[in-house]
Amino acid sequence: MNNFTYSIPTKIHFGKGQISHLDELVESGKKVLLVYGGGSIKRAGIYDTAMSILKETGLQVFELSGVEPNPKIESVRKGVDICKKEDIDMVLAIGGGSVIDCAKVVAAGACYDKDPWDLVIAPYRIKKALPIYSVLTLAATGSEMDKFAVISDMSKNEKWGTASEYLKPKMSILDPEYTFSVSKKQTAAGTADMISHTFENYFTNVEHADVQARFAEGLLKTFFHYGPIALEHPDNYDARANLMWAASMAINGLIENGAEVAWCVHPMEHELSAFYDITHGEGLAILTPHWMDFALNEKTAKKFAEYGRNVWGILIDNDMEAAKSAIAATRNFFQKMGLPQTLTEVGIDRKYFDIMAEKAANGCKGSFVPLSKEDIISIFEAAL
Ligand code: NZQ
Ligand code: ZN
């Protein structure tokens with residue numbers, strides 16, 4: 001196991017009715033920028049509840065609404081302008097990962113005197129951020145408890161993840177009931193996303209990071225068990241609660257630290273979203289089984305077999321056969337969740353394979369199986 005430093009400053013209030021803790025925002029000042037998306041929080045009544053608590057607490061609320069899925073830099077710029085003009089003290093995101101990511105870069109951009117895109121492409125420039133709070137309404141990204149934010153500039157076909165300790169929220173409210181209204185499409189995509197985060201951390205060449213590996217397998221079992229239940233019964237509290245909490249654990253450092261990881265399916269997917277604005281989790285579900293096919297070889301079969309035996313209960317002695325069976329189980333799971341299986345289904349053809357693969361290759365060099373531009377093109381081809 002490698003050395004690491006682990007620090008999560010995010011206070012979590014988990015469960016029904018925990019939105020009452022929004023009154024804790026007063027610790028950070030008087031003026032709050034409320035960031036939200038296209039209206040789901042209004043339809044679900046969360047907006048009204050939050051506003052009444054904030055007003056009762058005496059906070060002055062400013063709003064940035066309409067944050068898009070795959071949040072765009074233009075929304076970040078609008079938020080930064082409000083923060084600077086109104087001298088905002090803190091940022092509150094209510095929504096899914098897109099809203100939280102946008103709010104994070106707004107919070108950092110408010111403390112930076114140039115264009116916030118600089119902070120997206122060069123994380124080291126983030127030296128400070130306003131306090132960030134979130135109320136999560138969609139279990140998927142883990143943004144509510146992690147240091148990442150992913151922002152797109154469609155004018156350049158670019159989507160990059162930035163990261164900083166300053167982007168970790170100060171407090172997040174996780175009420176599983178808020179996710180009852182998430183559509184089947186987003187529930188399936190969100191489940192694929194949390195599974196992918198776990199895979200990206202689990203498939204590592206560092207041996208004997210056993211604690212991390214066993215935690216990861218527990219998370220995977222949870223996703224595979226509860227994903228279909230949430231899809232079938234959107235208001236099943238236990239399914240939504242387990243998915244929500246496990247999703248936070250998949251990317252908050254718990255299973256990553258000490259295991260030395262470099263993600264590779266995410267850099268490939270981010271290129272798909274950068275060029276075609278597709279739903280992140282759907283892109284991951286399409287690419288993951290093809291990445292697994294590509295990454296499986298005599299050297300890696302042992303790890304894939306370990307995954308198959310510990311997560312799927314596969315009882316095959318031969319590593320290569322157990323690994324193939326594990327990959328088939330993964331592919332079947334995504335299919336069962338109604339997720340797209342091919343790039344063609346989401347409107348992607350070969351047109352940009354070359355440029356997308358070239359950009360993605362930069363992020364895939366140190367991964368479990370390092371991928372070259374040509375390797376990535378062959379994975380895209382297989383996924384067509
Ligand atoms: O905009 P609204 O009206 O709120 O609707 C959203 C949106 O249309 C809707 N939704 C959210 N909560 C809902 C709801 N609909 C009904 N009921 C609710 N309770 O769902 C749609 C998708 O929302 P979005 O926030 O885009 O989804 P998600 O949470 O999957 O976030 C995806 C974004 O996060 C990035 C992705 O790349 C993508 O841009 N990621 C962020 C990461 C991070 N910060 O750590 C890591 C991930 O790997 C990922 O890259
Ligand atoms: Zn993801």
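**Exercises on rings and a zinc site**

The charged end of Lys303 lies over the ring of Tyr202, 4.1 Å from its centre (a charge sits over a ring if NZ of Lys or CZ of Arg is within 6 Å of the ring centre and within 35 degrees of the ring normal). This is a predicted model, where local features need pLDDT of at least 70 and side-chain atom pairs count only at pLDDT 80 or more, while totals for chains, interfaces and linings use all residues. Residues are numbered from 1 along each chain as its sequence is written, chains are lettered from A and ligands numbered from 1 in the order in which they are written, and side-chain values use heavy atoms, with hydrogens and water left out.

**Exercise 1.** Find the aromatic cluster that includes Tyr202.

*Solution.* Step one: rings of Phe, Tyr and Trp (its six-membered ring) pair if their centres lie within 6.5 Å; planes under 30 degrees apart count as stacked, over 60 as edge-to-face and the rest as tilted. Step two: Tyr202 forms one cluster with Phe199, Phe203, Trp291, Phe304, Tyr307 and Phe368.

**Exercise 2.** Work out which residues hold the zinc ion (ligand 2).

*Solution.* Step one: look for donors, meaning N, O and S atoms within 2.8 Å of the metal (3.2 Å for Na, K and Ca); water is not among the atoms, so sites may look incomplete. Step two: the protein donors are Asp193 (OD), His197 (NE2), His266 (NE2) and His280 (NE2), at 1.9 to 2.2 Å. Step three: check burial (under 20% relative accessible area is buried, over 50% exposed, partly exposed in between; 1.4 Å probe, protein chains only). Asp193 is buried at 3%, and His280 is buried at 15%.
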